[in-house]
There are 2 protein chains.
Amino acid sequence: MQLIADMAGLPKANLHYYFPTKEELYRKVVQQIFEIWLHAADSFDNAPGPVEGIGAYIDAKMEISRRHPDGSKVWASEVMHGAPVIQDYLETTLRDWTKGRADLIQRWVDEGKMAPVDPRHLLYMLWATTQHYADFGHQIETLNGGKPLSERQWKAAKDSVKQIILRGIGAV
Amino acid sequence: MQLIADMAGLPKANLHYYFPTKEELYRKVVQQIFEIWLHAADSFDNAPGPVEGIGAYIDAKMEISRRHPDGSKVWASEVMHGAPVIQDYLETTLRDWTKGRADLIQRWVDEGKMAPVDPRHLLYMLWATTQHYADFGHQIETLNGGKPLSERQWKAAKDSVKQIILRGIGAV
DNA sequence: ACACAACCTGACCAACCGGTCAACAATTTT
DNA sequence: AAAATTGTTGACCGGTTGGTCAGGTTGTGT
């Protein structure tokens, strides 16, 4: 809390005036990240098929990994520790969200727009792959000669992910 | 350290006899995880092509996620924090390892055994997807009605991942 | 039996951390 | 302008944490 206060440029006691406990401050942070996370699915909806829908979703989530790497890490840490402060969100909002998208993907499968894949595992793969570029960004950077991915490399990453997954689900 | 000593059934001072500092104990843990991680690639080598090699690698890494979920989380946490204690491993062992597998994948591409995909991004996708089942196991469990994946569900997960990726790289 | 090393342990300590509080300043309401 | 509410701050506190240390015990080589 002292460090956060220092970086925010105010005394620690004043920080505690706005956020009585560290946990409340942390909860706000996680909630904000969750919002960004959910909004990435806007591009998912109203898509005519998997190529547009999932393609746009990958783009959106890759962009989040790029722009909010720390947010992604906080989210990952929270879930890895068993979601002690946002378990309720997982059981309500996330569960509903997931069910909705899984149903949509299943519809695409039924309509023959893609191969018959398990929608849940496809979603997990989308989350895993896109968030990996944020959560394991340091490892990727190290394997990239110690340099962050360039504009061109980010595009190549996006294209690779889209290419493999869209072909993998038989959508292209 | 007190908690670790309690769970190990010995006084804290005795724990400090074997591991002078907490960081040294932690380093040993991370190193051990890294070993397991690397050995998963044994199945990768000596494979005639991507279907066998990458298929076996996915199986091996999914099995690690299942059997050592906490190890996977520790590794993820370490990398997410910028690899403060195993940066040297990333720059030596991991870098060499990655280069070797990327070359192998590139060879398969050149031999026409799979579609031309960027080997690096394929590796990242393999890591991300398989480790996701450990690191985000709590989230998956919550979305599975609060129950851990059953034997059958783990098999379905493995099959889904292999199906999508192997088809995604044009190997099947 | 003796010496020496390796191993074990309870008690203790300095540093750190989240949080509190009384006093004070600024702003808004009446 | 007075009163009340909101915002700001330095100093302080109890609990926890990683780590130490003197003294004791066990094992080993001679």
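**Entry 1: the contact between the chains.** I looked up the contact of chains A and B in this predicted model and found that it takes 39 residues from chain B and 39 residues from chain A, where two residues are in contact if their C-beta atoms, placed from the backbone, lie within 7 Å. On the side of chain B that touches chain A, two or more residues each come from helices H5 (69–80), H6 (87–110), H7 (119–135), H8 (137–143) and H9 (151–168) of chain B; helices are DSSP runs of H or I with at least four residues, numbered from the N terminus. I sorted the residues of this side into 20 nonpolar, 13 polar and six charged, counting Ala, Val, Leu, Ile, Met, Phe, Trp, Tyr, Cys and Pro as nonpolar, Asp, Glu, Lys and Arg as charged, and the others, Gly among them, as polar.

I noted the conventions: residues are numbered from 1 along each chain as its sequence is written, while chains are lettered from A and ligands numbered from 1 in the order in which they are written. Local features need pLDDT of at least 70 and side-chain atom pairs count only at pLDDT 80 or more, whereas totals for chains, interfaces and linings use all residues.

**Entry 2: symmetry.** I found that a rotation of 180° with 0.0 Å of shift along its axis superposes chain B on chain A with an RMSD of 0.1 Å, and the two copies are thus related as by a two-fold rotation axis. Of the residues of chain B, B:Gly168 comes closest to the axis, its C-alpha lying at 1.8 Å. I also noted that 100% of the interface residues of chain B are interface residues in chain A too, so the copies meet through the same surface.

**Entry 3: helix H5 of chain B.** I found B:Ser72, B:Lys73, B:Trp75, B:Ala76, B:Glu78, B:Val79 and B:Met80 buried in H5(B), which requires 20 or more other C-beta atoms within 10 Å of a residue's own. Their cover includes helices H5, H7 and H8 of chain A together with H3, H4 and H7 of chain B. After H5(B) comes B:Gly82, with a positive phi near 90°.

**Entry 4: DNA strand D.** I counted 14 residues around DNA strand D, the closest being A:Pro11, A:Ala13, B:Ala13, B:Thr21 and B:Lys22, where near means a C-beta atom, placed from the backbone, within 6 Å of the strand. By class, I recorded seven nonpolar, four polar and three charged residues on this surface.

Terms used
Least-squares fit on C-alpha atoms with pLDDT ≥ 70 in both. Buried ≥ 20, exposed ≤ 12 C-beta atoms within 10 Å, placed from the backbone.
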